[in-house]
Amino acid sequence: MASLTSCIYISSTKPSPNFLNLFLTKSKHTFRSPHSPLHFRTLIPRSIFRCSSKIPKLPKSKPRIFDNIDKHHHHNRVRTRNIVGGEAKMTVTAAVQDGTLIVNGKAVVVGVPSNIVVRQVFDDLPAAAAAAAAAFIGAASTSPSSRHVFRLGHFQECKYVSLFRHKIWWMIPRFGSLGKDIPIETQMLLLEETDPAGDTFYVLLLPVLEGKFRATLQGNSSNELELCVESGDEQIETMEVTESVLINSGRNPFELIKDSFKILEKCKGTFTNLVNKKKPAHLDWFGWCTWDAFYKDVNPVGIKEGLESFLEGGCPPKFLIIDDGWQDTCNEFHKEGEPLIEGTQFASRLVDIKESAKFMASGVDISCYNLRDLVNYIKEEYSVKFIYVWHALLGYWGGLLPSSEKMKKYNPKIIHPLQSPGNIGNIRDIAMDSIEKYGVGLIDPEKAYDFYNDLHSYLSSCNVDGVKVDVQNLAETLGNGYGGRVTVTQRFQGALEESIAKNFEENNLISCMSLNNDYVYSSKKSATARASEDFMPREPSFQTLHVASVAFNSLLLGEVSVPDWDMFQSNHYTAEFHGAARALGGCPVYVSDKPGKHDFKVLKKLVLPDGSILRARYAGRPTRDCLFVDTVVDGKSLLKIWNLNKFSGVIGVFNCQGAGNWPMMDDPAHYANSSSEPRVLSSQLSPEDIDFLEEVTDESCDGECAAYAFHTGSLSRLSKEERIKVSLATLECEVFTVSPIRVLNEDLQFAPIGLIDMYNSGGAVQGLRLSQKASEQSVIIEARGSGRLGAYSSKKPVRCTVDGEEFEFVYFSDNGLLIVNLEGECKVRDISYCY
């Protein structure tokens, strides 16, 4: 015992009992309390600790045990109550009764082991969230470890969708009903259940961060649900976690997810919800990314040629991403004159924060001798508003070059990443495997802010407006010896966000390759992040998977970031498919066209003549009836994605069947109906498919809607329950604007549609006013942009004015479609229809 107690270091300051309660467990690590100057090197077992006469007497209440967990945000925490093995004093969402986890009267998991704890969240929550009565799931072990897999019990069969990382960088959905099919690295699990009254409700399980530990869910061959918690540092161990999974339930799946993130933001204090973040301005402007146009061969001449060709077609980008290829890097493993060894390209390291030689003396027939000259030329010549450049979280794929004199100030050290079993248990990634083999030049974590600030202040001095930061999940593999994966992620993410705030005033950051919950629950300022694996123009089987992935991944990512659905190519055979998805995704719209390779017919359905886009309000997500069906491989279902504008809803319908199968689906039963052969499928849609449609209605609405189909040009009047049938072949899509009808009187009903030649037509409507006078009734639409402005009107107007001047219009009495052709500038105009 003497050898153990000799490892406890206590200052002369008397510790508080509350502080001591946090540390009643084994540990091998130093802790620093914000409330006391105490330093604990090793904490001994509770039985020994309580026997020590040198330790102040502990309070009688049950201690809160958080092994190796930094409690710096303890004062902001929501209180919890243990409700295992007995009746709770208030109604709860989840409870363990007689070994069964019950949610709203429904058994979710049976045979729950005695070491599993459910603690209800209560107090100090927003009213909507508090009503949900969410709970945390925790677990205890008899021995400390840096990685635990806890059995939660036998999963009861029900429909679910899992969002899991199939690669270290990326996430996809998986659909099923059995516990054995829940993949490892599951970061969100949404269940569809039926309560005893026969009503549908939803159960959400979100594995989160707890101090230095990160959690995921998974199934096993016995149809059990398991909880995996890991620190990523063999020295960071625990015997117990108490708040590693949030479980919540509700009648509306989208409200359920939103409310759960409100709870987590307040409970954890490690991240900020999107509604509380500043969104970068580039989101509302059309962009061009150089990646698929040039890959790493990007150069000033090619950039100039590309911008010229966009300008000639009348669709100039207003934001530009200069992707990978502009930096000064070195590949130590590639000898000149010899063929490149596959994989060593990911071991290239950064030599300098400044641009490479090819961006100096560029030869573009201008006085352009460095990055600053090029940026200024682009902005002046092509009226580009925002220019971003690419860099990796650690500078480059292989980090910094330690032998570079200009990098030595950041104390880079070559270390070899250590991938967790989750990383290698699904699909191994060649980039990650290469970095693991050749090592990464890791910036000294204490110098992370210095590196970012030096890099970003240089870029800012070149009039660069922001950065796309890639390879972010690499941080999770570097925690061994540095305090664990969560510690390293939060150190680099915090330093990055601090530098962005200092050097780029508009929070101009695109996070990429960051789809792990280490990032999601550590994101305090970053407001936009890539939602899926790259658009890959040369991979025909990836096109449908991409659109389905971004929609489902936005369920999770969309609460903390504006999901970036990635670039696409306008002259690609799938351009309509991808373009329509971007239009209703609430995401930025940008392409990676090669110079001179554009389809301006597609682009002009997305981009107004001034370079702005009609971006929807939220993250595009699957409609409720699509959440638990596999719209990629079940051979029968179409994918429907919904969103809202200011005065209307929008639904995109996509046939994602018959072009590719999900990765990791080895069981033929999963895709028995799938085929690589194109097929025509049908589905139905109604106004009910758009959640929160009531947000865009008012007291003048009667419950009916006007639905305008983009491709067919058909206009239908629907009650809330009525449905429209749509049939599509593989890689075809249709977009419906669904606008609630306003009733002026029994003779006049009206609904704005918007710019009907744009995919997201309703995004053009900025305002709507109804006027009822004795002699005249009128409807005034405030609309942005130019082109054909459509509306539904139950009768023909007497006249129409645009900004007070008489204007021609066309009215179709058979369906009530009213069209005014707006020409000229892309500005907000008042269009008045008088009756």
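**Helix packing and an antiparallel sheet**

The axes of helix 7 (residues 300-312) and helix 8 (residues 371-382) come within 12 Å of each other and cross at roughly 10°. Since angles under 35 degrees count as roughly parallel, helix 7 and helix 8 are therefore roughly parallel to each other. The model is a predicted one. On the side of helix 7, the contact is made by Pro300, Ile303, Lys304, Leu307, Glu308 and Leu311. These residues meet Leu374, Tyr377, Ile378 and Tyr382 in helix 8. By class, the contact of helix 7 with helix 8 comprises eight nonpolar residues and two charged residues, with no polar ones.

Helix 5 (residues 253-268) consists of 16 residues. From its first C-alpha to its last, helix 5 reaches 22 Å, close to the 22 Å expected at 1.5 Å a residue. Twelve of the 16 residues of helix 5 are buried, so this helix is largely enclosed by the rest of the structure. The buried residues of helix 5 include Phe254, Leu256, Ile257, Phe261, Ile263 and Leu264.

An open sheet is formed by five strands in the order 40-41-47-43-44, and the pairing is antiparallel. Strand 40 (765-772) and strand 44 (805-806) stand at the edges. Each of these edge strands has a single partner strand, so one side of each is left without a neighbour in the sheet.

Strand 47 (residues 828-834) is mostly covered, five of its seven residues being buried. Strand 41 (residues 777-784) pairs with strand 47 in the antiparallel sense over seven bridges. Strand 43 (residues 799-802) also pairs with strand 47 in the antiparallel sense, over four bridges.

Individual bridge partners can be assigned in strand 47. Tyrosine 833 in strand 47 is the bridge partner of valine 779, and cysteine 800 also stands opposite tyrosine 833. Isoleucine 831 in strand 47 is the bridge partner of valine 802.

Key
Residues are numbered from 1 along each chain as its sequence is written. This is a predicted model: local features need pLDDT of at least 70, side-chain atom pairs count only at pLDDT 80 or more; totals for chains, interfaces and linings use all residues. Side-chain values use heavy atoms; hydrogens and water are left out. Buried means under 20% relative accessible area, exposed over 50%, partly exposed in between (1.4 Å probe, protein chains only). Helices (H or I, at least four residues) and strands (E, at least two) are DSSP runs, numbered from the N terminus. Two strands pair if DSSP finds at least two bridges between them. Axes are lines fitted to C-alpha atoms, for helices over the stretch in contact, and angles run from 0 to 180 degrees between N-to-C directions. Angles under 35 degrees count as roughly parallel, over 145 as roughly antiparallel, 65 to 115 as roughly perpendicular and the rest as oblique. Contact means heavy atoms within 4.5 Å. Ala, Val, Leu, Ile, Met, Phe, Trp, Tyr, Cys and Pro count as nonpolar, Asp, Glu, Lys and Arg as charged, and the others, Gly among them, as polar. The expected span of a helix is 1.5 Å times one less than its number of residues.
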